[in-house]
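Biologist: I have not worked with this one before. Can you take me through it?

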Amino acid sequence: MQRMTQLFKQYIQKNYTLALVGAILLTLFLMALVYFMQLKLNDTAIHPIAKKGVFDFSKVDFHTQKHTPLHGEVEFYWQQFLNPDDFKNKDTLTKPSYLNLPTSWNNLIIANKKAGAFGYGTFRFLIKVPEPGQYAIKVKEFESAFQIWINAKFYDGAGKVATNKSEMTPSWRRKEIYFKTDNDTIEVLLQISNFHHRKGGASEFMLFGSSDSIRQIKSMRAGVENFLLGILLILILYHLIIYHYRRSEKAILYFSLSCIFILLRLSTSGEKILLELLPFISWGVAIRIEYIALIMITPPLLMFYHYMLPGNIPVS
């Protein structure tokens with residue numbers, strides 16, 4: 001065992017520069033690969049956008065066109081939490097505003113002034129489909145809690161919606177809502193509240209499609225991100241081991257630190273793998289990890305290049 005350790009140490013001393021350059025190139029290649037795969041997964045045909053709260057997908061073949069983003073005008077009721085029963089008698093409802101999904105309500109003009117980020121409201125829209133069947137909606141995070149009804153049935157949510165900050169619980173969890181419809185018109189009711197984030201409302205797009213398609217998208221995206229996180233973890237451990245034997249080579253340490261912050265950033269964005277693995281992490285902790293990791297990627301990268309290219313990148 002001691003002999004193997006000595007051989008490994010000698011190998012590192014002779015080849016660490018080559019290994020480090022190879023690791024950098026591998027990281028860049030993998031990040032580019034993930035980027036183009038995400039573009040492929042987000043590739044959808046263009047469909048008519050919603051008008052006055054109606055998405056007309058009646059002529060869309062969801063067997064070939066697997067999914068589509070939900071863009072367009074939807075009904076919006078500011079500072080109101082409405083349930084499906086409230087729409088049985090529309091004469092008692094206030095006239096809705098129309099917002100374009102995806103959007104935040106920050107700039108919504110109510111009583112001649114901007115609504116701002118903090119508040120709550122109800123979104124409502126209809127989706128016309130070519131035939132009854134199994135469908136799904138993929139929800140990215142909303143700011144910063146929501147719950148959803150489909151065809152007057154409550155399905156899921158994230159966090160706890162409320163009319164004030166003290167009673168509300170924010171969440172950034174991704175959600176996929178799978179459901180069956182027995183007719184060709186689907187009613188979606190979405191309650192959102194925000195008293196924590198600088199943006200309020202449905203600021204991230206939703207995907208609509210067949211259940212199998214949405215399930216496949218979730219699986220592929222999570223798979224790609226898990227693969228990249230695994231590679232980053234291997235790179236971190238490998239270079240920390242190298243640094244253990246070559247303490248004078250600070251470039252290795254700073255490269256490892258950059259990889260750690262990249263890993264933290266990736267695990268709290270996209271499909272938010274960290275929240276899947278550790279669901280007890282609060283919204284406040286998750287958002288701080290994501291933002292701090294994004295900021296902290298650059299300093300160790302600059303230090304890495306400073307030590308790799310001495311004299312070319314000053315640190316003061």
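Modeller: What follows goes from the whole chain to a few of its parts. This is a predicted model, where local features need pLDDT of at least 70 and side-chain atom pairs count only at pLDDT 80 or more, while totals for chains, interfaces and linings use all residues. Residues are numbered from 1 along each chain as its sequence is written, and side-chain values use heavy atoms, with hydrogens and water left out.

Biologist: How many helices and strands are in the protein chain?

Modeller: The protein chain has 6 helices and 13 strands. Helices (H or I, at least four residues) and strands (E, at least two) are DSSP runs, numbered from the N terminus.

Biologist: And what share of the residues is buried?

Modeller: Of the 316 residues, 47% are buried. Buried means under 20% relative accessible area, exposed over 50%, and partly exposed in between, with a 1.4 Å probe and protein chains only.

Biologist: Which strands are joined to strand 8?

Modeller: Strand 8 (residues 133–139) has 7 bridges to strand 11 (residues 175–181), and these two run antiparallel. There are also 5 bridges from strand 8 to strand 13 (residues 206–210), again antiparallel. Two strands pair if DSSP finds at least two bridges between them. Ala136 has Tyr178 of strand 11 as its bridge partner, and Ile137 has Phe208 of strand 13.

Biologist: Is strand 8 mostly covered or mostly open?

Modeller: Mostly covered, since 6 of the 7 residues in strand 8 are buried.

Biologist: Switching to charges. How many salt bridges does the structure hold?

Modeller: The structure holds 14 salt bridges, each being a side-chain nitrogen of Lys or Arg within 4 Å of a carboxyl oxygen of Asp or Glu. One of them joins Glu75 and Arg124 at 3.0 Å, N to O. That pair links distant parts of the chain, with Glu75 in strand 3 (residues 72–78) and Arg124 in strand 7 (residues 119–128), 49 residues apart.

Biologist: What else does Arg124 form a salt bridge with?

Modeller: Glu187, with the closest N and O atoms 2.9 Å apart. Glu187 is in strand 12 (residues 185–194), 63 residues from Arg124. Arg124 and Glu187 are both buried, and Glu75 is buried too.

Biologist: What about Asp212 and Arg215, where do they lie?

Modeller: Both lie in helix 2 (residues 211–245), 3 residues apart, about one turn of the helix. Asp212 counts as exposed because its relative accessible area is 61%, and Arg215 is partly exposed at 43%.
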